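Here is a short briefing to read alongside the model.

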Amino acid sequence: MKRKKYALVPSGIQNVMEIAVEGLFGFFNSVVGDEKKTKKFFPLVATIFLYVLVSNWMGLLPGFGSIGLWEQHEGHTVLVPLFRSTFADVNMTFALALIAVTSVQVFGFAMLGFKGYGGKFFINPFSDPIGCFVGILELFSEFSKMISFSFRLFGNVFAGEVLLLVISFLVPYIAPLPFYGLEIFVGFIQALVFSFLTLVFLNLATTRHH
């Protein structure tokens with residue numbers, strides 16, 4: 001397979017991609033404040049951002065959620081779509097949240113070690129009972145992140161899909177257009193929020209606490 005050579009002076013699509021990547025890296029670096037750490041987090045966080053963004057926008061294509069088969073379920077006729085938005089299913093959002101939160105723990109242990117990172121969860125109750133209680137709360141909060149991550153993304157995407165479907169059936173053609181523009185914006189914001197929160201949690205997990 002012939003590899004494509006990239007020009008030192010970019011033009012065309014290469015120029016657009018480099019601007020997008022540099023802009024995204026600059027934004028993430030302004031949040032982290034440490035270029036070394038940003039370079040470690042960037043592949044994961046940028047992948048999550050692009051994946052959520054493309055998935056949300058693909059769900060707006062004609063036929064997603066509106067074309068399917070009518071089936072009988074518990075005495076009611078319901079439409080089972082052939083194509084749905086990726087994150088209109090809570091299983092998918094939970095899987096992505098699981099990847100994000102697991103990555104936070106992996107980076108935390110890898111960069112701070114077991115004592116440096118695990119020390120904020122496991123504290124001797126006899127020497128510091130209040131710290132031990134706070135550590136238990138911190139441990140539970142790590143698991144709760146998966147729930148908040150998954151349901152935030154699922155709720156916004158599913159609500160948008162239902163809204164577009166209802167408007168399209170009630171007033172087709174013209175009325176849904178403003179809502180499509182709104183959903184394009186919401187899809188971008190959801191991708192940004194999910195990746196931004198992942199980056200913040202990564203930064204907090206790899207910062208030593210005193």
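Which residues does Ser-150 touch, not counting residues up to four places away in sequence? Ser-150 touches Thr-93, Phe-94 and Ala-97, where contact means heavy atoms within 4.5 Å. This is a predicted model, in which local features need pLDDT of at least 70, side-chain atom pairs count only at pLDDT 80 or more, and totals for chains, interfaces and linings use all residues. Residues are numbered from 1 along each chain as its sequence is written, and side-chain values use heavy atoms, with hydrogens and water left out.

**The chain as a whole**

- The secondary structure comes to five helices and two strands; helices (H or I, at least four residues) and strands (E, at least two) are DSSP runs, numbered from the N terminus.
- Along the sequence, these elements follow the pattern α-α-β-β-α-α-α.
- Of the 210 residues in the chain, 31% are buried; buried means under 20% relative accessible area, exposed over 50%, and partly exposed in between, with a 1.4 Å probe and protein chains only.
- The accessible surface of the chain is about 13,600 Å², and 72% of that surface belongs to carbon and sulfur atoms. Accessible areas come from the Shrake-Rupley method with a 1.4 Å probe, and for residues only the protein chains shown count as cover.
- Among contacts with a separation of 6 or more, 64% are between residues 24 or more positions apart.

**Helix 1 with helix 5**

- Helix 1 (residues 13-32) and helix 5 (residues 176-205) have axes that come within 10 Å and cross at roughly 40°. That makes helix 1 oblique to helix 5.
- For these angles, axes are lines fitted to C-alpha atoms, for helices over the stretch in contact, and the values run from 0 to 180 degrees between N-to-C directions. Angles under 35 degrees count as roughly parallel, over 145 as roughly antiparallel, 65 to 115 as roughly perpendicular and the rest as oblique.
- The crossing of helix 1 and helix 5 is right-handed; a crossing is right-handed if the near helix is turned clockwise from the far one by less than a right angle, and left-handed if anticlockwise.
- On the helix 1 side, Phe-27, Phe-28, Val-31 and Val-32 meet Leu-192, Ser-195, Phe-196, Leu-199, Val-200 and Asn-203 of helix 5.
- By class, this contact of helix 1 with helix 5 has eight nonpolar, two polar and no charged residues. Here Ala, Val, Leu, Ile, Met, Phe, Trp, Tyr, Cys and Pro count as nonpolar, Asp, Glu, Lys and Arg as charged, and the others, Gly among them, as polar.

**Helix 2 with helix 3**

- Helix 2 (residues 35-58) packs with helix 3 (residues 90-118) at an angle of about 180°, and their axes are 12 Å apart. The two helices are therefore roughly antiparallel to each other.
- Helix 2 brings Lys-37, Lys-40, Phe-41, Leu-44, Ile-48, Tyr-51 and Val-52 to the contact, and helix 3 brings Met-92, Leu-96, Ala-100, Ser-103, Phe-107 and Met-111.
- The residues of the contact of helix 2 with helix 3 divide into 10 nonpolar, one polar and two charged.

- Ser-150, the residue in the opening question, is found in helix 4 (residues 129-170). At 1% relative accessibility, Ser-150 counts as buried.
- Lys-145 lies in helix 4 and is buried, with a relative accessible area of 13%.
- Not counting residues up to four places away in sequence, Lys-145 touches Val-101 and Phe-201. Lys-145 and Leu-98 are 47 residues apart in sequence and 9.0 Å apart in space, C-alpha to C-alpha.
- Thr-198 is found in helix 5 and is buried, with a relative accessible area of 1%.
- Leaving aside neighbours within four places in sequence, Thr-198 is in contact with Ile-48, Ala-100, Val-104 and Phe-149.

- Arg-152 has its place in helix 4 and counts as partly exposed at 35% relative accessibility.
- Arg-152 touches Gln-190, Val-193 and Leu-197, not counting residues up to four places away in sequence. Arg-152 and Gln-190 are 38 residues apart in sequence, and 8.7 Å apart in space, C-alpha to C-alpha.
- Phe-158 also lies in helix 4, and at 34% relative accessibility Phe-158 counts as partly exposed.
- Phe-158 touches Arg-84 and Ala-88, not counting residues up to four places away in sequence. The C-alpha atoms of Phe-158 and Phe-87 are separated by 7.4 Å, with the two residues 71 apart along the chain.
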